[in-house]
Amino acid sequence: MGLFNGLRRRRRASDVRRQDPKNTAYLADWAAQRHGVEAFVEPKTTVTETTVVLIAHDGEWTRRRITESGARQLGKRLGVPVYDVRKIGYPQRMRAYNARLAKKRQTSRADGQL
């Protein structure tokens, strides 16, 4: 037994983050309330787990942690296309929606400062 063996972190099954059924239910509910929804799978990074972004026809979006296979199953169940964001990127309508929100926030702040 080495000197630092006791200090090593052992990976346990409980350490691995699992897909939360609440996230899947939320995503299904969100998609049911909007039309023109598409799913974009985001890869796991050093900071975040795999996530999926649902984007509606007007650019409104939501993001939740989900496995890639879970996102594909959800897409099949909901009848929405599922894309890999690494391959095709985000749609322009999402960027436009974010720009509209930013402009709205700036206007609200400016109105509050008068």
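Figure 1. Of the 114 residues, 28% count as buried. The model is predicted. The protein exposes about 8400 Å². Carbon and sulfur atoms supply 51% of that area.

**Figure 2. Order of helices and strands.** Four helices and four strands make up the elements of the protein. Read from the N terminus, they run α-β-β-β-α-β-α-α. Among contacts with a separation of 6 or more, 55% come from residues 24 or more positions apart.

**Figure 3. Helix 1 packed with helix 2.** Helix 1 covers residues 21–32, and helix 2 covers residues 68–78. Two packed helices are described by the angle between their axes and the distance between the axes. Here the angle is about 35°. The axes of helix 1 and helix 2 lie 11 Å apart. Their crossing is right-handed.

**Figure 4. Residues at the contact of helix 1 with helix 2.** Helix 1 brings Thr24, Leu27, Ala28 and Ala31. Helix 2 meets them with Leu74, Arg77 and Leu78. By class, five residues of this contact are nonpolar, one is polar and one is charged.

**Figure 5. The aromatic pair, Phe40 with Tyr83.** The structure holds one aromatic pair. Its ring centres, in Phe40 and Tyr83, are 5.3 Å apart. The planes of the two rings stand at 40°, so the pair is tilted. Phe40 belongs to strand 1, while Tyr83 belongs to strand 4 (residues 82–84). The pair therefore ties together parts that are 43 residues apart in sequence.

Figure 6. Are Phe40 and Tyr83 buried or partly exposed? Phe40 has 2% relative accessibility, so Phe40 counts as buried. Tyr83 has 28% relative accessibility and therefore counts as partly exposed. The cut-off for buried is under 20%.

**Figure 7. Thr50 in the loop between strand 1 and strand 2.** Thr50 sits in the loop that runs between strand 1 (38–42) and strand 2 (51–55). Its relative accessibility is 18%, so Thr50 counts as buried.

Key: Residues are numbered from 1 along each chain as its sequence is written. This is a predicted model: local features need pLDDT of at least 70, side-chain atom pairs count only at pLDDT 80 or more; totals for chains, interfaces and linings use all residues. Side-chain values use heavy atoms; hydrogens and water are left out. Helices (H or I, at least four residues) and strands (E, at least two) are DSSP runs, numbered from the N terminus. Buried means under 20% relative accessible area, exposed over 50%, partly exposed in between (1.4 Å probe, protein chains only). Contact means heavy atoms within 4.5 Å. Accessible areas come from the Shrake-Rupley method with a 1.4 Å probe; for residues, only the protein chains shown count as cover. Axes are lines fitted to C-alpha atoms, for helices over the stretch in contact, and angles run from 0 to 180 degrees between N-to-C directions. A crossing is left-handed if the near helix is turned anticlockwise from the far one by less than a right angle, and right-handed if clockwise. Ala, Val, Leu, Ile, Met, Phe, Trp, Tyr, Cys and Pro count as nonpolar, Asp, Glu, Lys and Arg as charged, and the others, Gly among them, as polar. Rings of Phe, Tyr and Trp (its six-membered ring) pair if their centres lie within 6.5 Å; planes under 30 degrees apart count as stacked, over 60 as edge-to-face and the rest as tilted.
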